[in-house]
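Dear colleague,

Please find the structure below, with notes on what was found in it.

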Amino acid sequence: MKKIAGCVLVGALALSLAACGGSDASGADNGGGAAKKTLTIGIANYSLQAPYFIAMAKAIETEAKTYSNVKVISTDAQGDAAKLTTNVNDLLTQKVDGIIISGGPLNAAPAAMNAIEQKNVPSILVDRKFAGGQYTSWIGPNNTQIGQGDGQYIADRLKGNGTLAVITGGPADNTIGLDRTNGLLGVVKQSPGITVVTAPDFGGWSSDGGLKVMENLLAKNQHIDAVFCENDAMCLGAQKAISDAGRTDEMFLVAADGQKEALAAIESGSNYAATAVNNADTIGRAGLDRMMAVLAGAEPSKDTPLEAPVVTKDNVDRYSNPDSIF
């Protein structure tokens with residue numbers, strides 16, 4: 001289903017090249033049956049330390065296999081901005097035809113983007129849209145909408161009263177997290193009966209981080225009605241901390257991304273109540289298909305923010321896929 005969703009997305013953007021199901025990308029075919037040119041696509045990953053970004057890289061590589069003449073070179077900067085620039089330069093040295101960048105929490109990469117622009121190579125940003133720098137096209141989540149949808153769900157379920165704990169991923173200037181939390185707070189603050197307690201420490205976007213932050217929140221707060229995490233991984237960790245403390249029936253959890261473990265927890269009827277879809281599989285596949293469209297001569301939209309529906313037990317069957325890579 002996630003594969004279908006990716007194909008529908010690209011088709012809706014008028015950028016598909018018969019990409020959904022094994023095709024050749026346009027290259028050196030002159031119409032006379034000549035072999036098509038092999039296209040090499042570089043993937044510059046800022047970090048492959050979280051399930052979301054691992055899944056996105058795999059989705060790009062998996063989608064590339066639906067084309068018979070595409071080679072992918074994937075790199076990992078391990079969270080180092082300087083190494084990301086080095087990796088981009090290495091990809092350019094290998095004369096890649098295009099570069100897809102998964103920037104993670106990195107807000108800008110001016111040196112890397114300048115290097116790509118100087119070589120006149122198309123660049124597709126997936127998930128993270130950099131502040132500044134020239135790029136060909138971006139596909140990613142509408143993070144403010146994610147926060148707003150989650151915030152409305154929480155406010156409605158609390159009926160305007162209760163204590164809401166917020167776990168952020170960090171660092172402080174991470175606009176993805178800021179947009180999600182600010183979107184949430186913009187809605188929740190319309191209910192003055194809801195008290196918001198923001199964890200002083202970052203969860204680091206990981207399950208272990210979410211667990212540790214939640215343990216501290218539980219120790220300092222005798223009662224919590226709801227928990228919001230900026231991504232599913234942290235909320236899965238927080239859910240374990242709540243269970244270990246014997247406080248499962250006290251509160252429900254809401255997050256974002258649509259990680260399959262979170263969807264399974266929602267489907268099971270646990271206290272993991274909702275998440276907003278921001279699927280790494282769909283975005284990664286759409287990013288690769290958009291690159292292929294650009295290389296075929298299409299002129300894509302500069303920015304494409306994706307819709308982020310809220311998933312609850314009532315509609316989780318539409319989105320849950322145990323076989324998904326994310």
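**Notes on the model**

Asp-257 lies in strand E9 (residues 252-257); helices (H or I, at least four residues) and strands (E, at least two) are DSSP runs, numbered from the N terminus. This is a predicted model, in which local features need pLDDT of at least 70 and side-chain atom pairs count only at pLDDT 80 or more, while totals for chains, interfaces and linings use all residues. Residues are numbered from 1 along each chain as its sequence is written, and side-chain values use heavy atoms, with hydrogens and water left out.

Phi of Asp-257 is positive, near 125°, and the residue is not a glycine. Asp-257 is buried, at a relative accessible area of 5%. Here buried means under 20% relative accessible area, exposed over 50%, and partly exposed in between (1.4 Å probe, protein chains only).

Asp-257 is also one of the residues touched by Asp-232, where contact means heavy atoms within 4.5 Å. Asp-232 lies in helix H8 (residues 232-244) and is buried, with 0% relative accessibility.

**The chain as a whole**

The protein chain has 10 helices and 12 strands. Of its 326 residues, 56% count as buried. Among contacts between residues at least 6 apart in sequence, 75% join residues at least 24 apart.

**Disulfide**

With a disulfide taken as a pair of cysteine sulfur atoms within 2.5 Å, the count comes to one. The pair is Cys-229 and Cys-235, with sulfur atoms 2.4 Å apart. The torsion about their S-S bond is about 80°, so the disulfide is right-handed. Cys-229 is buried, at 0% relative accessible area, and Cys-235 counts as buried at 0% relative accessibility.

**Helix H5 and what follows**

Helix H5 (residues 143-158) has 16 residues and reaches 22 Å from its first C-alpha to its last. That is close to the 22 Å expected at 1.5 Å a residue, the expected span being 1.5 Å times one less than the number of residues. The buried residues of H5 are Asn-143, Ile-146, Gly-147, Asp-150, Gly-151, Tyr-153, Ile-154, Ala-155 and Leu-158.

Gly-147, in H5, has a relative accessible area of 0%. Leaving aside neighbours within four places in sequence, Gly-147 is in contact with Arg-180, Gly-183 and Leu-184. Gly-147 and Thr-181 are 34 residues apart in sequence, and their C-alpha atoms are 5.7 Å apart in space.

Ala-155 and Gly-160 are the residues in contact with Ser-191, again leaving aside neighbours within four places in sequence. Ser-191 sits in the loop between H6 and strand E7 (193-198) and counts as buried at 17% relative accessibility.

H5 is followed by Lys-159, found in the loop between H5 and E6. Lys-159 is not a glycine, yet has a positive phi of about 55°. At 73% relative accessibility, Lys-159 counts as exposed.

**Backbone**

Most residues other than glycine have a negative phi, and most peptide bonds are trans. Gly-170 and Pro-171 are joined by a cis peptide bond, with omega about -10°. Pro-171 is in the loop between strand E6 (161-167) and H6.

**Second largest pocket**

The second largest pocket has a volume of about 270 Å³. Of the 17 residues that line this pocket, Ala-50, Phe-53, Pro-105, Gly-204 and Trp-205 are the closest to its centre. On a 1 Å grid over the protein atoms alone, a pocket is an open set of points where a 1.4 Å probe fits, with protein on both sides within 12 Å along at least five of seven lines, and lining residues have an atom within 4 Å of a point. Grid points are joined across faces, edges and corners, and a volume is the space filled by probe spheres set on the points.

Helix H2 (51-64) and helix H6 (175-188) each supply at least two residues of the lining. The lining residues divide into six nonpolar, eight polar and three charged.

Regards

Definitions and conventions. Ala, Val, Leu, Ile, Met, Phe, Trp, Tyr, Cys and Pro count as nonpolar, Asp, Glu, Lys and Arg as charged, and the others, Gly among them, as polar.
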